[in-house]
Amino acid sequence: MGSENVKLPKIDFSDEDLKPGTLVWNQVKSQVNKALIEYGCFEASFDKISVHLRQSIFESLQELFDLPLQTKLKNISKKPFHGYVGQYPAVPLYESMGIDDANILEKAEKFTQILWPQGNPTFCKTIQSYSEQLLELDQTIRRMIVESLGVEKYMDEHMNSTNYLLRVMKYKGPQSSETKIGLNAHTDKNIVTILYQNQVNGLEVLTKDGQWINVEPAPDTFIVMIGDSLYAWANGRVHSPYHRVMMKGNEARYSVGLFSIPKAGYKIKAPQELIDEDHPLLFNPFDHVEFLAFYYTEEGQRCVSALKTYCGA
């Protein structure tokens, strides 16, 4: 079970002076670096997303998941885990949908059109605006990571190597005071994940010393988490944490994640500067989409570390 006594670091990104090269930037960058080495995740305050937009995103999620199953099944994707996921006996409480490039208006419109042929401009604008504004936080954090690692010469390549996926998730309340699995323990496979949830808690993170801690973010904060692709690119110098969702009670938990995802065809390869005697190369170069395809095979699901099995050096 989760433990109450450890809290994730909380980092404030709301200062308007937060610009590269400033004192504020360097202070926040140092906090980010420390949190990602220790926990692989942290709680972020980011006030660029208005209270109204934050409320609207959950209204949109409820509207989306209330659609008939036949309609939701129209959310399909060639990429594993990018379309509709639900009806799994192993995780009966969990249901999710993916919206590729939700930050781009035409892509948000295309997704909306599939589920609401008659149109739903409010839903479309909400998800597009939310994704576009939160993308700024993702890019700030990634710039700080690249600087902290001392590999600024790869900055442009790294920043241009990703697309975005907005993944919306619903966990039904198990109607029980006993805790039930909402989502099995896993590491994310992407670069950076930024999660936002409603008032129903359930997220737990595994610390490096093997302790599950409850994550209970404030209503106005986001959880930022490192994925395996960034862990590999940084040659293990930041941590990619295992996490899970445990549910109890009657209320549904809604959460929304913005995932920065390596583009298909882009090879994730640790910079030479991050490889030395103390930090030997951990992983051979790999394509994220091909790795995902392996991860969702029977063998990939059985591995202790799918990444290590797939491309360990």
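A: Let's start with a definition: a helix is a DSSP run (H or I) of at least four residues, and helices are numbered from the N terminus. Keep in mind that this is a predicted model. One case is helix α7, residues 228-233, where you'll find Ala 232.

Q: Is Ala 232 buried or exposed, then?
A: The cut-off for buried is under 20% relative accessible area. Ala 232 has 5%, so it counts as buried.

Q: How far apart are Ala 232 and Ile 191 in sequence and in space?
A: Along the chain they are 41 residues apart, while their C-alpha atoms lie 9.4 Å from each other.

Q: How do I read the faces of a helix?
A: An α-helix has 3.6 residues a turn, so residues three or four places apart point the same way. Now try α4, which covers residues 105-115: its buried residues include Ala 108, Phe 111, Thr 112 and Leu 115. Looking down the axis of α4, the buried residues fall within an arc of 95°, so they line one face of the helix. Over on the other side of α4, Glu 106 and Lys 110 are exposed.

Q: How many aromatic pairs does the whole structure have?
A: A search turns up 12. Take Phe 286 and Phe 291: ring centres 5.7 Å apart, planes at 75°, so this pair is edge-to-face. The cut-off behind that label is planes over 60 degrees apart. Phe 286 is buried, at 2% relative accessibility, and Phe 291 is buried too, at 0%.

Q: Where does the charged end of Lys 189 sit?
A: Over the ring of Tyr 295, at 4.2 Å from the centre of that ring. Arg 244 gives you another case, lying over the face of Trp 212, 3.9 Å from the ring centre.

Q: How do I look for empty space inside?
A: Rolling a probe the size of a water molecule over the atoms shows where empty space is left.

Q: Which residues line the largest cavity?
A: Among them are Leu 195, Tyr 196, Gln 197, Phe 222 and Arg 253. The elements giving two or more residues to this lining are β6 (192-197), β9 (221-226) and β11 (253-262). Sorted by class, the lining has 6 nonpolar, 3 polar and 1 charged residues.

Methods:
Residues numbered from 1 in each chain as written. Predicted model: local features only at pLDDT ≥ 70, side-chain atom pairs only at ≥ 80, totals over all residues. Heavy atoms only, no water. Phe/Tyr/Trp six-rings, centres within 6.5 Å; stacked < 30°, edge-to-face > 60°. Buried < 20%, exposed > 50% of the residue type's maximum accessible area, 1.4 Å probe, protein only. Lys NZ or Arg CZ within 6 Å of the ring centre and 35° of its normal. 1 Å grid on protein atoms, 1.4 Å probe; cavity = no way out; pocket = protein on both sides within 12 Å on 5 of 7 lines; lining within 4 Å. Nonpolar A, V, L, I, M, F, W, Y, C, P; charged D, E, K, R; others polar. Arc of directions from axis to C-beta.
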